[in-house]
Amino acid sequence: MIIPAADRLQHVSEYYFSKKLQEIQRMREAGCDVINMGIGSPDMAPSEETIEALCHSARQAEHHGYQPYKGIPALRKAIAQWYHQVYGVSLDPEKEVLPLMGSKEGITHISLAFLNSGDEVLLPELGYPAYRAVTQMVQASPRMYPLVEQQDWQPDLEAMRREDYSKVKLMWLNYPHMPTGGPPRREVFEQLLAFAHEKKILLCHDNPYSLVLPTGDPLSLLSIPHAKEVAIELNSLSKSHNMAGWRVGWVAGAASYLNEIFKIKSNVDSGMFKPIQEAAVQALQNPPVWHQQRNEVYRERREMVYQILDKLGCSYSTQQQGLFVWARLPSQVSSVEDWVDNLLQQYHVFVTPGFIFGEKGKNFIRLSLCNTKHILEKTLDRLNKF
Ligand SMILES: Cc1ncc(COP(=O)(O)O)c(C=O)c1O
């Protein structure tokens, strides 16, 4: 390459799954029937009404043009109503909701809006890899905060209090936690909000899993009094409404923060396809029973995933929330990377190695619940010889 890439790419590489999916694709083209238990991409359809709304809207000629940068008013209103119904949080649909094309892009918009190079960013160790990659992309400095396994993967607040966080501007938080399935805890949220107030840190909560196999009431960080002063929250229809490919998410919080994020977003994209927005309005009205039935399917699959993990000699907690099971490898395994590659090459089963979520994940794997019972049975059969 004659022209060098920008310095900001020094520590950034292609997303792990982007590379791995290409490898799986090549294996499939060569005739291997690879079972992908790695990715959390829901395989079930959105509600029938959602699909109907999409088709109906797409038939209107005038729905194919550019759309408002802030999303259509009906979508912002539906999101605000849903927040009230699910979490008891009041949001002003005009000012406190900003629709996004999935929540992942929000990580970049928020980082561009609030971080200067040299600012420090608190990231969960373990956590979603995009937090770190984007922090490095905007030339800020990642600073990990530990999660304690014995306390359901909650932040180690004691250890955090001893640190000098004077350069920290922003903190990422994600409960139900991915990849460990740790639950959201109100008292932890309260303590973190007090900490964020004291240290003047913007707390960014990423909340896409709250309706998937919840172990308690769904919780929003914004439901804690005064949260909006120092916190914003990302949310998404990807996992909660089986709409990962549609790219519908949003950021919620005080207008003052959202206005800054909007300065970035409105210069990056030109709005979301109207039929998708109208269908999202419909999806947000799915009755509770739709979510219960979907969770019932995941619950049954999870039992089978436990059997797969038993065959692999892994240990796991049965109290996890969300779309995955996080499991510890047998103690004799020295390299998770080799172990995962061996499973892929010999048994044609792909599982996610824990190290992609941080150093502490090196003895773990993550299995998704996004495969049918039939595929899970096939996986169990294949592993009979493991
Ligand atoms: C913790 C977490 N945050 C955000 C996302 C991004 O979700 P989306 O952009 O589909 O809303 C994911 C997706 O896997 C995730 O696991």
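Close-up 1. The structure holds 2 cavities of 30 Å³ or more, a cavity being a set of points on a 1 Å grid over the protein atoms alone where a 1.4 Å probe fits but cannot get out, with lining residues having an atom within 4 Å of a point. This is a predicted model, in which local features need pLDDT of at least 70 and side-chain atom pairs count only at pLDDT 80 or more, while totals for chains, interfaces and linings use all residues. Residues are numbered from 1 along each chain as its sequence is written, and side-chain values use heavy atoms, with hydrogens and water left out.

**Close-up 2. Lining of the largest cavity.** About 60 Å³ of space lies in the largest cavity, a volume being the space filled by probe spheres set on the grid points, which are joined across faces, edges and corners. Its lining consists of Lys-70, Glu-94, Lys-95, Val-97, Leu-98, Leu-258, Asn-259 and Phe-262. Helix 9 supplies the largest share of this lining, 3 residues; helices (H or I, at least four residues) and strands (E, at least two) are DSSP runs, numbered from the N terminus.

**Close-up 3. Strand 3 and its partners.** In strand 3 (residues 120-125), 6 of 6 residues are buried, that is, under 20% relative accessible area with a 1.4 Å probe and protein chains only. Strand 3 pairs with strand 4 (residues 141-148) in the parallel sense over 6 bridges, where pairing requires that DSSP finds at least two bridges between two strands. Leu-122 has Arg-143 as its bridge partner in strand 4, whereas the partner of Val-121 in strand 6 is Leu-170.

Conventions. Buried < 20%, exposed > 50% of the residue type's maximum accessible area, 1.4 Å probe, protein only. 1 Å grid on protein atoms, 1.4 Å probe; cavity = no way out; pocket = protein on both sides within 12 Å on 5 of 7 lines; lining within 4 Å.
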